[in-house]
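Here are some notes for a colleague who is opening this structure for the first time. Please keep the model in view while reading the numbered points.

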Amino acid sequence: MKFINLGNHPVPAIGLGTYKLTGREAVNIISHALAIGYRHIDTAQLYENEKEVGQAIINSNVAREDIYLVTKIWPSNLHKDRFIPSVQESLRKLKTDYVDLLLIHWPHHYTPLEDYIPMLIQVKESGLAKDIGVSNFNITQLKKTIDAGAQIVTNQVEFHPWINQARLHHWMSQHNLPLTAYSPLGQGKLLNAKNLENLAAIYARTPAQIILRWMMQLPEILAIPRSSNRNRLAENLNIFDFSISEAHVQLINSWQLENHRMVGAQNGAKWD
Ligand code: NDP
């Protein structure tokens, strides 16, 4: 495993995404992921599976302090009456006293950042989250967040070979802010691309492994692929016994110009 420092904490660069994992399947698959070595789990208030994540951690017998647990606060809770209570509710569901990282899931459409960043800072000061960060923030929003005094440790954004995040990634690198890649496999929709399959054949690996390996060779990137399949969970972790040539890293970088965004705020969830 590769580790990336978030704040002062070395964090496994491959974590487990849990979007769409719910109910008994979520408990089983997350416990299994912990059994085979995943130690970084990403959930969110939106996913309505914090209870299952908490149960899976308990079932796994892996010590809580050995797991890097991330949740995200939904924009409708970015309000002074709801921010802290919603984090406390997440912790109750997760059956823990703290998360390792609390992210703002999306910036609020209407409320200025300056109104809710102090609450994010307060969550860290009160110990409910060891570290704080953001998700889906652009450079302007990151600047405002830092200017407001928040010591954020990551920005979680959509990142895979078909989206061009070069400007954002460069800015974040300059500010020592690692990038957490969500939908790193393009939600599975991009894995049949011919150019990717050709590369996978050269390394005798799967397309998913090529993408994840490429990310691990880029500076300061963590990735949180999700799978509900035990074999694919193992496959996504098994990427540290080979490497891709620099020429092929550059080749994959060049695909980013195609720019396919898979995820938007328009996923039907309520914002306010
Ligand atoms: P991913 O890019 O991780 O893709 C998941 C899909 O890929 C599933 O359909 C899965 O199918 C398939 N898959 C996984 N591994 C393999 C493999 N080795 N070979 C072939 N297919 C595979 O999509 P997500 O959108 O789930 O992103 C990952 C995580 O990022 C989320 O689960 C969530 O935690 C986070 N996220 C955060 C967002 C934010 O706004 N901050 C937005 C979106 C996601 P199967 O289950 O059948 O294996």
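1. Strand β5 (residues 68-73) runs parallel to strand β6 (residues 99-104), and four bridges join them; Leu101 in β6 is the bridge partner of Val70. Helices (H or I, at least four residues) and strands (E, at least two) are DSSP runs numbered from the N terminus, and two strands pair if DSSP finds at least two bridges between them.

2. This is a predicted model, in which local features need pLDDT of at least 70 and side-chain atom pairs count only at pLDDT 80 or more, while totals for chains, interfaces and linings use all residues. Residues are numbered from 1 along each chain as its sequence is written, and side-chain values use heavy atoms, with hydrogens and water left out.

3. The open sheet is formed by eight strands with parallel pairing, in the order β3-β4-β5-β6-β7-β8-β9-β10. Because β3 (16-17) and β10 (221-223) stand at the edges with a single partner strand each, one side of each has no neighbour in the sheet.

4. Trp162 lies in the loop between β8 and α6 (166-174) and Trp255 in helix α10 (residues 246-255), so the pair ties together parts that are 93 residues apart in sequence.

5. By class, the lining of the largest cavity has five nonpolar (Ala, Val, Leu, Ile, Met, Phe, Trp, Tyr, Cys and Pro), one charged (Asp, Glu, Lys and Arg) and four polar residues (the others, Gly among them). A cavity is a set of points, on a 1 Å grid over the protein atoms alone, where a 1.4 Å probe fits but cannot get out, and lining residues have an atom within 4 Å of a point. Val70 and Leu101 are among the lining residues.

Methods. On a 1 Å grid over the protein atoms alone, a cavity is a set of points where a 1.4 Å probe fits but cannot get out, and a pocket is an open set with protein on both sides within 12 Å along at least five of seven lines; lining residues have an atom within 4 Å of a point.
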